[in-house]
Amino acid sequence: MQSNIITLRQLNLSDLSTLQELGKRTFLETFGDSNSDADMQEYLSKAFTETTLKNEMLDPESKFFFAETDAETCGYLKINWGKAQTEESRKDALEIERIYVLSAYQGYKIGKQLFHYAIDLAKQREFSQVWLGVWEKNTKAIEFYKRQGFEIFDTHTFTLGSDAQTDYLMSKDL
């Protein structure tokens with residue numbers, strides 16, 4: 001890593017192509033070895049289109065943030081509230097939908113910094129709860145969230161290509 005200094009900044013539409021590239025790359029790095037190539041490609045071709053990401057960026061109840069070094073964009077965060085949440089709207093709650101960091105930057109606590117930034121934003125906006133979904137096979141992430149005070153409250157199905165997977169829904173009261 002070129003620098004230990006990480007800055008976080010909110011995205012705007014001029015960041016769309018960088019978000020698209022980073023989103024595909026980090027998702028593939030994170031889950032590519034655990035899923036078929038066909039399922040990964042089908043998901044990536046739908047979830048990270050320019051139109052899909054632009055619509056998400058324009059939603060007034062969603063925000064994206066980049067983690068950047070002086071050399072490159074190395075990770076990102078997406079939060080939702082209100083009707084933008086991916087599950088039935090949970091009143092007075094903020095959803096952490098995505099936290100992804102490039103594999104070359106794993107171990108530098110960038111994901112943890114993005115996570116705590118989301119928690120701070122939830123507190124600033126006076127939400128009473130934060131929640132997220134995490135794949136049942138992502139034990140490292142599940143253990144991290146448990147250490148942060150999150151508890152499993154439900155499950156939902158996440159379809160990756162043709163594969164119906166189970167995500168744990170986890171929440172923490174603020």
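The protein chain contains five helices and seven strands, where helices (H or I, at least four residues) and strands (E, at least two) are DSSP runs numbered from the N terminus. In this predicted model, local features need pLDDT of at least 70 and side-chain atom pairs count only at pLDDT 80 or more, whereas totals for chains, interfaces and linings use all residues. Residues are numbered from 1 along each chain as its sequence is written, and side-chain values use heavy atoms, with hydrogens and water left out. Along the sequence, the elements of the protein chain follow the pattern β-α-α-α-β-β-β-α-β-α-β-β.

Buried residues make up 45% of the 174 residues in the protein chain, buried meaning under 20% relative accessible area with a 1.4 Å probe, protein chains only.

Aromatic rings were examined next. Rings of Phe, Tyr and Trp (its six-membered ring) pair if their centres lie within 6.5 Å, and planes under 30 degrees apart count as stacked, over 60 as edge-to-face and the rest as tilted; by this rule the count comes to 16 aromatic pairs. The rings of phenylalanine 115 and tyrosine 145 have centres 5.8 Å apart and planes at 45°, so this pair is tilted. The pair links distant parts of the chain, since phenylalanine 115 lies in helix α4 (residues 110-124) and tyrosine 145 in helix α5 (residues 139-147), 30 residues apart. Both phenylalanine 115 and tyrosine 145 are buried. Tyrosine 145 also pairs with phenylalanine 144, with ring centres 5.4 Å apart and planes at 65°, so that pair is edge-to-face; phenylalanine 144 is likewise buried. Elsewhere, ring pairs link Phe27, Phe31, Tyr43, Phe48, Phe64, Tyr76, Tyr100, Trp135 and Phe158 into a cluster.

How values were computed: Buried means under 20% relative accessible area, exposed over 50%, partly exposed in between (1.4 Å probe, protein chains only).
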